[in-house]
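Please look over the sequence and the model together before reading on.

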Amino acid sequence: MMTAELLIVLAQIWGGIGAIVAVSFLTIGIEWIDEDAQGAITFRPLLIPGIMVIWPLVLWRWWALATNQDRSTSPQAAPRRCHATVAIVLTIVISTTLLISASIKQTWPDHVPAILLEAGQ
């Protein structure tokens, strides 16, 4: 399987799981997390793209609030605790990706003759 095909398959799997989470969260779970969302259904379709992208965080927060595992005073406290770790990991991943991509040398096929391009008229 080519790299592009693998990335497309992984994106489809991620989006499929995200769509399932978005539908279940917007029909069942949003009232548990935000009591002001009860009866407000017109804004829920606007949340679908965001939930599809960050569905692991949505599931984690939903589970933490449903099981009273969240002891923070602020709903944003738990995600903010991991910002430093995520920043370090992203720095390492992006730097490594750039270094590897810069070190890979593409070779031009020697059997292809050069073509002189003419100026447009």
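How many residues does helix 3 have, and what distance does helix 3 reach from its first C-alpha to its last? The model under discussion is a predicted one. Helix 3, made up of residues 55-66, has 12 residues. From its first C-alpha to its last it reaches 16 Å, which is close to the 16 Å expected at 1.5 Å a residue. Several positions of this helix are buried, namely Trp55, Val58, Arg61, Trp62 and Ala64. Just after helix 3 comes Asn68, whose phi is positive, at about 55 degrees.

Is Arg44 buried or exposed? Residues under 20% relative accessible area are called buried; Arg44 has a relative accessibility of 9% and therefore counts as buried. What does the side chain of Arg44 reach? It reaches the backbone oxygen of Leu26, at 2.7 Å. When neighbours within four places in sequence are left aside, the contacts of Arg44 are Leu26, Ile30, Glu31, Ala37, Gln38 and Gly39.

Helix 1 remains to be considered. It comprises residues 3-33, and Leu7 lies within it. Leu7 counts as exposed because its relative accessibility is 53%, and the cut-off for exposed is over 50%. Leu7 also belongs to a nonpolar patch on the surface, which it forms with Leu6, Val9, Leu10, Ile13 and Ile17. Together, the residues of this patch have about 500 Å² of accessible area.

Key. Residues are numbered from 1 along each chain as its sequence is written. This is a predicted model: local features need pLDDT of at least 70, side-chain atom pairs count only at pLDDT 80 or more; totals for chains, interfaces and linings use all residues. Side-chain values use heavy atoms; hydrogens and water are left out. Helices (H or I, at least four residues) and strands (E, at least two) are DSSP runs, numbered from the N terminus. The expected span of a helix is 1.5 Å times one less than its number of residues. Buried means under 20% relative accessible area, exposed over 50%, partly exposed in between (1.4 Å probe, protein chains only). A polar contact is a pair of N or O atoms within 3.5 Å; within protein, one must be able to donate a hydrogen and the other to accept it, and residues adjacent in sequence count only if both atoms are side-chain atoms. Contact means heavy atoms within 4.5 Å. Patches are made of residues with over 30% relative accessible area and no salt bridge: like charges are joined within 9 Å, nonpolar side chains (Val, Leu, Ile, Met, Phe, Trp, Tyr) within 5 Å. Accessible areas come from the Shrake-Rupley method with a 1.4 Å probe; for residues, only the protein chains shown count as cover. A salt bridge is a side-chain nitrogen of Lys or Arg within 4 Å of a carboxyl oxygen of Asp or Glu.
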